[in-house]
Amino acid sequence: MSKLVDSAAKAVAAVARDGMTVAVGGFGLSGIPTSLITALRDSGVSDLTIVSNNMGADGKGLGLLLENRQVRKVLASYVGENRLFAQQYLDGELDVEFVPQGTLAERLRAGGAGIPAFYTPAGAGTPVADGKPHKDFDGMRTVLERAIVADLALVRAHRADLEGNLRFRLTARNFNPLVAAAGRITIAETSFLEDGFLDPDDIHTPGIYVHHLVRSEIREKDIEQRTVRPRVDA
């Protein structure tokens, strides 16, 4: 059976439920699955736990879910571009777990690899490690971190084939492959869908990790911060 679904709305509606943990690929507004995030907002599901490097910007990316009051908890490493996020956190509407960026990446990777937990020196001796088991290795203080396995993973690919093999573009490869592997159900949106198969050497995420595939419906790419200044020639 083909993994291709007619629309992002149909793909998301078939699996989205209240209270899910949803991992989302991308970094800032780069490489985010905009069509799938919009479909998740429109589905109306609530009480979500979102795992992502950040929560987008006001009115963009995952900020859409915050505007719609669909998020209960966030696991992220950076949230500085979203005023609404800060306001909801300060008002006690949002539970937040800050995770060092490398630790977040490794927790997702471990979840995809079937590793339940790992020790890392990152965050040891800081509030990040409060309440977590500690252990010394060769004189180094480390903290135990649990893997992340999401109920639903949403990712954005540049190219894909009908088997769900994915290739990401440039720095959009950051969190997307990790998120794709960490989902119990993974939906990928792609800018370009190949008629045949991707070359094996070009595949970043094998199709075994991808359950459903949609074409990107929102082609416009938002820019987080735009700076215009005269170019100085070298």
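Helices and strands are DSSP runs, numbered from the N terminus, with strands spanning at least two residues. In this predicted model, one such run is strand β10, which covers residues 183–193 and includes T190. With a relative accessibility of 2%, T190 falls under the 20% cut-off and therefore counts as buried.

The surroundings of T190 can be described in some detail. Setting aside residues up to four places away in sequence, T190 touches A157, H158, R159 and A160, together with L213, V214, R215 and S216. One of these neighbours, H158, also takes part in a polar approach: a polar atom of the T190 side chain lies 3.4 Å from the backbone oxygen of H158.

Attention now turns to the open spaces of the model. The largest pocket has a volume of about 280 Å³. Its lining is made up of 17 residues, and S30, G31, I32, A172 and K221 are the closest to the pocket centre. Sorted by class, the pocket lining contains 6 nonpolar, 6 polar and 5 charged residues. Strand β8, running over residues 150–160, gives the most to this lining, contributing 3 residues.

The structure holds 1 cavity of 30 Å³ or more, and the largest cavity contains about 50 Å³ of space. Of the 13 residues lining the largest cavity, G28, I32, S52, N54 and L62 are the closest to its centre. The cavity lining comprises 6 nonpolar and 7 polar residues, with no charged residues.

Key: Residues are numbered from 1 along each chain as its sequence is written. This is a predicted model: local features need pLDDT of at least 70, side-chain atom pairs count only at pLDDT 80 or more; totals for chains, interfaces and linings use all residues. Side-chain values use heavy atoms; hydrogens and water are left out. On a 1 Å grid over the protein atoms alone, a cavity is a set of points where a 1.4 Å probe fits but cannot get out, and a pocket is an open set with protein on both sides within 12 Å along at least five of seven lines; lining residues have an atom within 4 Å of a point. Grid points are joined across faces, edges and corners, and a volume is the space filled by probe spheres set on the points. Ala, Val, Leu, Ile, Met, Phe, Trp, Tyr, Cys and Pro count as nonpolar, Asp, Glu, Lys and Arg as charged, and the others, Gly among them, as polar. Helices (H or I, at least four residues) and strands (E, at least two) are DSSP runs, numbered from the N terminus. Buried means under 20% relative accessible area, exposed over 50%, partly exposed in between (1.4 Å probe, protein chains only). A polar contact is a pair of N or O atoms within 3.5 Å; within protein, one must be able to donate a hydrogen and the other to accept it, and residues adjacent in sequence count only if both atoms are side-chain atoms. Contact means heavy atoms within 4.5 Å.
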